[in-house]
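The sequence and structure come first.

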Amino acid sequence: MTARGATAQKPVTADDAGAPADKATQDWGAPIVTRHVADDVVDRLVTAIALGLYVPGQQLPTERDLAAMLAVSRTSIREALRQLTETGYLEVRRGRKGGYFVLANWGPTSAEHVRRQIIDNWSDYEHIFDARTLVEPMIARAASVRRSDADIAAMSDALRAYLDASDHDASRRADAALHLAVARATHNPILVEMHVDLRARITLNLGAEPYTDEARRTAIVQHTQLVAAVTDGRGDEAAAIATKHFAISENLIRQLVDRAEHEGPGR
């Protein structure tokens, strides 16, 4: 794959659904192209769906929650969800348990959205991957030295929840809880903050790591090994497991970029 793509850590910040994106960095010599905040949200959500952050059949967070995650207005979220429904990515279900549900993980325009969301800012993603490769093994090694009985219990509970997860939402919550428990076992709030920040960037500020069924099967083994290594105080082994484990999301993002490039214009 070519080393290109866009970054998850740049949340949409404009609060006016009709405001052009990136006004502060506008190139005055470029053609006039107006993009609305809702269009940026569409790029983000289509990319998230393509990465498996949300899978077919899964309900999206509420408009209020999505607006908070992406730091945009509910008007922009509502417009983006309307577009995604009209283009076949989502369906609306009415009733007490209604909402927006994912229909398809890839559509005719997915490559275009992925290019804007990831490929156009690929150097940022490479920095995220590099930082994770450096930081997460350090966290695992430190946790294996500093963990308390309470930390071990928290990691074990999260691991059990991950193994028992019956759907993607439960799996996502348990995954986040497990890695947060490992980070907290360092007893260093700065390391915890670094972990949380890197996870937010890799998950497009939407809270879920890239996902496939195969990735979950791999994660089940690696989560079990990681918790055991940290619990037993095997620091070097814990660090090595963390290195392999956090490469899962990186590899899925690289694979998505490959797909988007191969399905790009003129291909």
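## Residues with positive phi

At 18% relative accessibility, N205 counts as buried, where buried means under 20% relative accessible area, exposed over 50% and partly exposed in between, with a 1.4 Å probe and protein chains only. N205 sits in the loop between helix 8 (189–202) and helix 9 (213–232). Its phi is positive, about 65°, although N205 is not a glycine. Helices (H or I, at least four residues) and strands (E, at least two) are DSSP runs, numbered from the N terminus.

A71 is likewise not a glycine and has a positive phi of about 60°. This residue is in the loop between helix 2 and helix 3. A71 is partly exposed, its relative accessible area being 40%.

## Basis of the model

The model is predicted, and local features need pLDDT of at least 70, side-chain atom pairs count only at pLDDT 80 or more, and totals for chains, interfaces and linings use all residues. Residues are numbered from 1 along each chain as its sequence is written, and side-chain values use heavy atoms, with hydrogens and water left out.

## Helix 2

Helix 2 spans residues 63–70, and E63, L66, A67 and L70 in it are buried. They lie on the same side of helix 2 because they cover an arc of only 100° around the axis, the arc being that of the directions from the helix axis to the C-beta atoms. An α-helix has 3.6 residues a turn, so residues three or four places apart point the same way.

The buried residues of helix 2 pack against helix 1 (37–51), helix 3 (74–86) and strand 2 (99–102); contact means heavy atoms within 4.5 Å. On the face turned away from the buried side are the exposed residues R64 and A68.

## The hairpin

Strand 1 (residues 90–93) and strand 2 run antiparallel and are joined by 4 bridges; two strands pair if DSSP finds at least two bridges between them. R93 has G99 in strand 2 as its bridge partner. The two strands form a hairpin with 5 residues between them, and G95 in the turn has a positive phi of about 105°.

Helix 1 and helix 11 (247–262) each supply at least two residues of the lining of the second largest pocket. Helix 11 gives the most, with 4 residues.
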